[in-house]
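Reader: Please take me through one chain closely, then its partner. Keep it brisk, and give me the cut-off behind each term.

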Amino acid sequence: MSLDFATPMFLIERNKERCFNCQICIRQCANEAHKWDSKKGQVYSIDANCVNCHRCVLMCPTRALSVKKFPWEFRYNANWTPEAIRQVYLQAESGGVLLTGMGNDRPYPVYWDHMLLNASQVTNPSIDPLREPMELKTYLGRKPDVLKIKKGKILEEMPPQLELDVPIMFAAMSFGAISLNAHKSLAAAAKKMGTYWNTGEGGLHADLVEYGSNTIVQVASGRFGVNREYLNVGAAIEIKIGQGAKPGIGGHLPGEKVGEEISKTRMIPQGTDALSPAPHHDIYSIEDLRQLIFSLKEATEYTKPVFVKIAAVHNVAAIASGIVRAGADAVVIDGFRGGTGAAPLRTRDSVGIPIEFALAAVDTRLREEGIRNKASIVIGGTIRNSADVVKAIALGADAVYIGTAALLALGCHICQKCYTGKCNWGIATQNPQLTKRLNPEIGQERLTNLLKAWAHEIEELMGGMGINALESLRGNRLMLRGIGLNDRELNILGIKAAGE
Amino acid sequence: MLKEGQIRIPAGCAISGIMNRKGEVFSGRDIIKSIALMHERSNGLGGGFAAYGIYPEFKKYYAFHIFFENKLAKQETEFLLKKYFQIDYDEAIPTRKVSSIKKSPIIWRYFAKPKVNRLIAHEASEAEYVVEFVMKVNSEIEGAFIFSSGKNMGVFKGVGYPEEIGDFFKIDEYKGYLWTAHGRFPTNTPGWWGGAHPFTLLNWSVVHNGEISSYDANRRYLEMYGYKCTLMTDTEAITYIFDLLLRKFGLPLESAVNIVAAPFWSNIERMEPERKKLMKSLRAVFGSLLINGPFSIILGGENGFVALNDRLKLRSLVAAEKGDIIYVASEESAIREVCPNPHRVWAPQGGEPVIGLLEGKEGIFDVEDDGLAEEEILQQSIAL
């Protein structure tokens, strides 16, 4: 056994004057970063176990704790950064693939921050959302080119649509990746706000069936929890082909997380690993996708829109076009910064493309082919705030998914350790001691607050642009200007530079 | 400096329209008087008129009014025109010298019919054939711009105050049953004649006051259906929206109005079920054609006009009636200038259309006659 080169990432500082050894931090930390020294009768910390999730910091009654970056530094090297060095040590030690959680944290450009919004001045009045109606409603689903109307009556039924009161939905996160209480919070908030949440690939827990009309049920490569009732209880079905955080690879829920509830919901034996294959083994090409889309439509008698979710990859525009032609009612694109419960680090950090480019390319392509009406575009990975939502819609999205932002509302601190099952905030864990920390009532309230706050901000931004209905913002790229972008980037985004 | 079509130029404006519902024709003098009163709403950088019923002797011909910046553009256009159309008469559009109007382009009109063999080979409706031709010339021939392409109607427009443009084109000498006019206040323009309003396509003409905030959403939707928004003006986009909804999609006028000035969701919720379903569907399907931001427009067609405000009524629009005559204008004074004592004057609500139709007509245009009558095609193809 060689020497372990691993060094702590964080330093736990305990203010001795404030600490009165109540041991709350010990009970709060599932990572066992706080210990009790029975000989000395005091609490001490093991820095190496700390993931910097702030649970102890916030729970400490005397605010005695703080967590800092560990001051111990490698000699400066622009090429061999501390992360690069640590990762080599870790792999030399374990011989394994590096795992991580949440979205790509590398300093790639965030293109939302390179786009600026317009506002009305003189020639066109801005609209005050406090005085005038401001409409955020939108419909997702395939739209016919024309409607047949006679004598004020519509002569044909519209294809099934989802009605959204706010253009923001909760992204797919499975029961397994996150806790039942997290699911309950998301489902209740979606219902309250007139929007939708997504089961992810993990089935729908029996307690959540009552939220069916606000639920998008996912069908992914493992088919976990998929049955006729599941398909029919949801408002829409989403076929998951890929995910922004780990395009091209599948998923793995370790057996130790598969307890009774998950076992029932996923329809697998307790304690078995739940493996989602990288591809759907009945989809090796686009024509196979068409068959799955239509089998799901058959199973639900054409009453539910079927979404197809893909990761933003290099050829995303052509793929999206194929998906629309295969009969999907909405294309969901997940950008390379999208979150995950667990992903190989190398995949998360180096595969895929930014959602801003993918969205612009897909919207442009579908319009060029004259099929933009045939499907809605939903994007995720990552939307961080209401301005990102507005920019996404102006680029061409019909609605957005939020995952990480929703988890943040529930208390997540993006410590990136979701895959350990030790989430101290009760979100990414199945440990009953931890999951009970997340009260679904409070969770629902916080999520509702977040959506309300964003909706207000979207209304303000739209009003400033002189727009009072979301559909007039959709694809309205003249409302965007690029800053700090080169010609080629502007071209792909289909926007002008600031000042033009 | 970039000219209109290369850059988007916002503009404020004045509009006016007069129509005789019996179809009796009258001189353009009144419309000049009416628009001239709103002089302050323009800045001398654009004015124009649309007149319906002015070419009774050529009513079966497309009247192409074209601006040419030079002789080469004229030659190129005529080459193309002769390829696709049979021209029966052409001439310079008569003008009068007006001291303030300088640097006018070559302004010509052609009365023409589509060549039947080309039309048949084209396998689309006659209207589509003409539209494609207009789009082709306007987007491909540099220095040529077809600014009017309807039958028994014509547009006269240019850079100047509208009353000067009226004088220049001798508007007072034409007689029509429907007139619309426009005075322009662009915030920035190099003064290009093609950029003035009305904007037309086939028999449609649009005069418009406002700056729409939904422009790019509208444009990108229209482009999916083959329209090329070469001028980058709101008016052009609005014209195409109506052309798409009414002519191509064949939607009722009421539905088109409900699309461009959609009722609010809160109002839709209160409607009876059948109507609610229709409105929801219209908004869900045609949301990209909602015209957002301030506007007042007059859409002219062969059978009449529709005047419409945005749904918040962010621009002024007044209507009046006296006998068979119906008036609409940006300001009431512009109506009273030519009709001091109307029987009724009203300010339509936002999104509430004022529809003026010729007696006995149900829609703003006759349902597509798909070009030539059958026997006419037969005769001509025998002749070929």
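Author: Start with overall size. A compact globule of 500 residues would have a radius of gyration near 23 Å, and chain A agrees with that at 24 Å. This radius is taken over C-alpha atoms, and the globule rule is 2.2 Å times the number of residues to the power 0.38. Along the principal axes, the C-alpha atoms of chain A fill a box of roughly 90 × 55 × 45 Å.

The model is predicted: local features need pLDDT of at least 70, side-chain atom pairs count only at pLDDT 80 or more, and totals for chains, interfaces and linings use all residues. Residues are numbered from 1 along each chain as its sequence is written, while chains are lettered from A and ligands numbered from 1 in the order in which they are written. The model scores ipTM 0.91 and pTM 0.92.

Chain A has 15 helices and 23 strands. These are DSSP runs numbered from the N terminus: helices are H or I with at least four residues, strands are E with at least two. Of the 500 residues in chain A, 51% are buried. Buried means 20 or more other C-beta atoms within 10 Å of the residue's own; exposed means 12 or fewer, partly exposed lies in between, and C-beta atoms are placed from the backbone. Among contacts in chain A with a separation of 6 or more, 69% join residues 24 or more positions apart. A contact needs two C-beta atoms, placed from the backbone, within 7 Å.

Chain A is divided into domain 1 (10-95) and domain 2 (138-497). Such bounds come from an automatic or database domain assignment. The C-alpha centres of domain 1 and domain 2 of chain A lie 35 Å apart. Nine residues of domain 1 of chain A are in contact with eight residues of domain 2 of chain A. The domain 1 side has four nonpolar, four polar and one charged residues. Ala, Val, Leu, Ile, Met, Phe, Trp, Tyr, Cys and Pro count as nonpolar; Asp, Glu, Lys and Arg as charged; the others, Gly among them, as polar.

Now the core. The largest nonpolar core has 270 residues; F307(A), V331(A), I333(A), L359(A), V362(A), V378(A) and V400(A) touch the most other members. Both domains of chain A give residues to this core, so it lies between them. A nonpolar core is a set of buried Ala, Val, Leu, Ile, Met, Phe, Trp, Tyr and Cys residues joined through C-beta atoms within 7 Å. Beyond four places in sequence, the contacts of I333(A) include I310(A), V316(A), L359(A) and V362(A).

Next, the partner. The contact takes 35 residues from chain A and 35 residues from chain B. The chain A side has 14 nonpolar, eleven polar and ten charged residues. In chain B, helix α6 (residues 215-223) has eight of its nine residues buried. What covers those buried residues includes α10 (355-368) of chain A and α7 (234-248) of chain B.

E359(B) sits in the loop between β18 (354-357) and α12 (374-383) of chain B. It is exposed because it has 11 C-beta neighbours inside 10 Å. E359(B) touches R21(B) and K22(B), leaving out residues up to four places away in sequence.

Finally, confidence. Chain B averages a pLDDT of 89, with 91% of the residues at 70 or above; pLDDT is the predictor's confidence in each residue, from 0 to 100. Over residues 369-384 of chain B, the pLDDT is below 50. Where pLDDT is low, the predicted coordinates should not be read in detail.
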